[in-house]
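Here is a short tour of some backbone and surface features worth a look. Have the viewer open as you read along.

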Amino acid sequence: YIYGLYFKNLIKLTKSGNVIDLGEIAGLPDRFSTKQLFAGAINSGHYYVTGRNSKQKYLYKIELSDMSVEEMILTQEVAIQDFSFYHEDNATKYLYGVDKNGKLTKIDSITGEVTFIGSDHLGYKFDSSFSDKSGRFFANDSNGNGFFEFNLATGEKSFISSSQPATFNDGANCINASLVFTDYGDAPLSY
C-alpha cells in the first residue's frame, strides 16, 4: 500500500488503484485542517510526516494501526517537501530529504537530530525523493532540471536523467527494493 495525507485524513492507495479514506488523524495539530503536510515516509508500521515549503520544527510519527500521533521536536527547523528512509548502521531510522535551499538533510527519526550535509544546490526544487536497499538516495527536481542521486556523505548530486517540470510532485518507494536504471545505449554520452 501507499499512504498519504489529505490535510488531516489518512489515505490508503491499494495496488489496484483504489483510494480508501481511513479517517481523520485527531492527534495532528488543528492547523493541518487547512494546511497540507508534504513529506511522508513509512517505517515499521509508522507513517512519519513533516514539511511544507516553510520551516518546521516538528516530525509527526503516526501509528498506522490506531492512527495515534507522537510529536517529535527536531533539533533544527527544516523545510522539506519529501523525504525517504535510508538503512544505515543496521537500522532504518534516518530520513533523508533535500530542503528548499537544495541542501541534503538527514533526520534521525528516533532522536529528532537534524544534520545538514554539503552545499546548497540553488535553483532546484527537490520535492520528491526515493531511496533503495542498496543504500542510494535520489531526488527529482520539479523545475525540470533532472533526476539526481545524492552522495550521503558529501551532499553532492550526480545527474541520472532528465525530467519534466511539475507543479505538484511526490516520491513513493519501497525501501526493500532496488532502483534499477537500464541504459539502452540511446542516451547521449554526457549521461
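## Positive phi in two loops

Let's begin with serine 44, which sits in the loop between β4 (39-43) and β5 (46-50); strands here are DSSP runs (E, at least two residues), numbered from the N terminus. Although serine 44 is not a glycine, its phi is positive, at about 50 degrees. Serine 44 counts as exposed because its relative accessibility is 62% (buried is under 20% relative accessible area, exposed over 50%, partly exposed in between, with a 1.4 Å probe and protein chains only).

Phenylalanine 7 is in the loop between β1 (2-6) and β2 (9-13). Its phi is near 55 degrees, again a positive value in a residue other than glycine. At 24% relative accessibility, phenylalanine 7 counts as partly exposed.

## How the model was read

This is a predicted model, where local features need pLDDT of at least 70, side-chain atom pairs count only at pLDDT 80 or more, and totals for chains, interfaces and linings use all residues. Residues are numbered from 1 along each chain as its sequence is written, and side-chain values use heavy atoms, with hydrogens and water left out.

Strands β6 (residues 56-63) and β7 (residues 69-78) run antiparallel and are joined by six bridges; two strands pair if DSSP finds at least two bridges between them. Across this pairing, lysine 61 stands opposite glutamate 70 in β7.

The hairpin has five residues between its strands, and methionine 67 takes a positive phi near 60 degrees there.

## Valine 19

Valine 19 belongs to strand β3 (residues 19-24). With 60% relative accessibility, valine 19 counts as exposed.

Note on methods
Helix = DSSP H or I, 4+ residues; strand = E, 2+ residues; numbered from the N terminus.
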